[in-house]
Structure formats: structure tokens, C-alpha cells
Amino acid sequence: MREVAFIKQNKEKWLEFEQAIFGKAKKNPDEMAGLYIHLINDLSYAQSYYPKSKTVVYLNYLASQIYQKIYKTKRQEGNRIVYFFSEEIPLLMYQYRRYVLYAFILFFLFVGMGVLSAKYDDDLARLIMGDEYVNQTLENIKGGDPVAVYKSGSNWGSFIGITMNNLRVGAICFLFGIFGGVGTFYILLRNCMMLGSFQYFFYKEGVFWESVQGIWLHGSMEIFAIVIESAAGLLLGASILFPKTYSRFTSFKMGMKNGLKIYLSTIPFTIAAGFIEGFVTRYSLEMPNWLNVFIILFTLSLISFYYLIFPSMVTKKLKTQNTVPSLD
């Protein structure tokens, strides 16, 4: 059957599926399961005969949305959070993994730009971080404690203030994607340039390892989370610029909804990073090197596993069980 005929034959049925997913009409889980089976059959046919078609992308998305709607309806409220982190977020991260790749490419590119710029421009650190901060850090280095800035304030005060600021930065990274992704691009650029120039500043002053201990104890999760939040912002921007087969408004709603979920998933990691910065980082130079290295590697491995490895594991498992369609 030609693709045009296939679409014409099933168009009304697919519109009904859209109403069931995005409309106000309520359907019970059994009715949704019936729609899901029909849609999987259409998707399998389209994948076999029109593998590179936009029809496959369209049906693929509808199938994944019906799947999520079925399982959100069936689960009790007490299990909603478990489902969110154990299945919903991994499936979204796998589906939108290319945006994570883009965010990491930009991250390493911008950090490298910050390092090179600081190397050839001695005033960059002052321009980005301010004279007061740089002068204070230089005084701390002379005093033998390069990361003394993390010891200011009380434990709880630092934890709360730092966490709230990091949550705000993460929200901006995501929400600024509404400007076609340009806002997210700018926020990521600014933060990465700051990180790169800051790290080179410590390297030039001969206290690079001390800075690694002070920054990356909490930074492994904090900075990784910002990259994921930037990926959510890029997803939001792409939903506006590239609506595919949907209307631009429908595409925007889906991008906002899925991007928001990805942002919300980073909150526990941001809170954990704030806790480490408030209660642990201040003792980094007093702790043995092996403990610093262990905390850095453990936190980095934990968040890397959740966002980079676990999504593939969950998707593969559900594909094996025939409970979720391919998200490629």
C-alpha cells in the first residue's frame, strides 16, 4: 500500500487517538489499552514499509503517550513518584537523548573557550567574576586556603541559599529555551565560560588540585544537572522551531510538558549538591585525598548512570516485554 493511501485510510482513527490523549474526553485504562494495541499495529506496519517516514515519528510519539497515560491511570498515587523516576524520566531521556548530546557538546566547547580565553586574557576572570571575588580568592590563596569562600556562613544557611540559587539557575536554563533555544544557549555559555576561566585562574595560581577538591565535590552533580536542564531548554526551543507533523502550539505544549518533567527530575540532584556544598565542601582541604576523590567519582557516577545509562536499560527492558514501542 502506498503511504498516502495508508495515511488516508487511518487518518480518522489517529485523530481519535489524539483526542483520547490530548483532548478532554475521558477513557478508562481498558479503552486506552485497546487504542494502544491498534496503534502498535499501525506503527509496526509503518516501520516495515515506510521506515524513514514522518508517519513513523508521528505514530511513535502517539504510542509512547498512550503508554504513559495508561500506566499513569493504573498506578496508585503512592507509586506515582516511583514511576516518574523509574520509568517516565528514563523513557523521556532516551527519547530525547540527542538533546543531551547537544548540551554536552556545547558544555565542553564553552568550558574550553573559557579556559583558552582566560589563558590569553588575564582580565577575563575579573570581568566574569568581579574584582571583589577575585581579590578575595587571591587573599585566600595567600592565606593557604584557596577555597575558603565555601566556609563562609553557617552550614544550613549555605545549604539553603546555594540550593535555591542553583534551582533558579536550572529553571532559567530550561525556561529560556522558549526563545527558540537561544536563551538556553546564552545561559549555558555564560556559566561554562565562568567555570572554564575560574578553573584556569586556579591553575595559573598553582592551586589547581585544591580547586578541584573545593569545586567538584558538589560540582559533579550541580554542573551535570545544569547540562541536563540545558538539554530540556534545547528541547523546548526545538519544539517551537521544528513542530514536525504537529501544529506549532501542540508541539510547544508537548515540549514544555516533557522539558518540565526533565527539569523536575534534576531537583533531587541539585538539592544533594547543595547539601554537599553546605556541609562537606568546607572541609575539603582537611579531608584525606582518597575521600575527596571517592565523593567526586561517586556523585558523578550516580548522576551519569541515571541520565546516560539507565534510560537505555529501561527502554530495552520494556521493549523486550513489548510494553513500549521503539523511541528511535
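Modeller: By class, the lining of the second largest pocket holds 14 nonpolar, eight polar and three charged residues; here Ala, Val, Leu, Ile, Met, Phe, Trp, Tyr, Cys and Pro count as nonpolar, Asp, Glu, Lys and Arg as charged, and the others, Gly among them, as polar. This is a predicted model, in which local features need pLDDT of at least 70 and side-chain atom pairs pLDDT 80 or more, while totals for chains, interfaces and linings use all residues. Residues are numbered from 1 along each chain as its sequence is written, and side-chain values use heavy atoms, without hydrogens and water.

The space in the second largest pocket is about 510 Å³, a volume being the space filled by probe spheres set on grid points joined across faces, edges and corners. A pocket is an open set of points on a 1 Å grid over the protein atoms alone, where a 1.4 Å probe fits, with protein on both sides within 12 Å along at least five of seven lines; lining residues have an atom within 4 Å of a point. Of its 25 lining residues, Tyr96, Arg98, Tyr99, Leu235 and Lys244 are the closest to the centre of the second largest pocket. Two or more lining residues come from each of α3 (54-74), α5 (97-120), α10 and α11 (248-279); helices are DSSP runs of H or I with at least four residues, numbered from the N terminus. The largest share, six residues, is given by α10.

α10 (208-241) also gives two or more residues to the lining of the largest pocket, which has about 850 Å³ of space. There, α9 gives the most, with eight residues.
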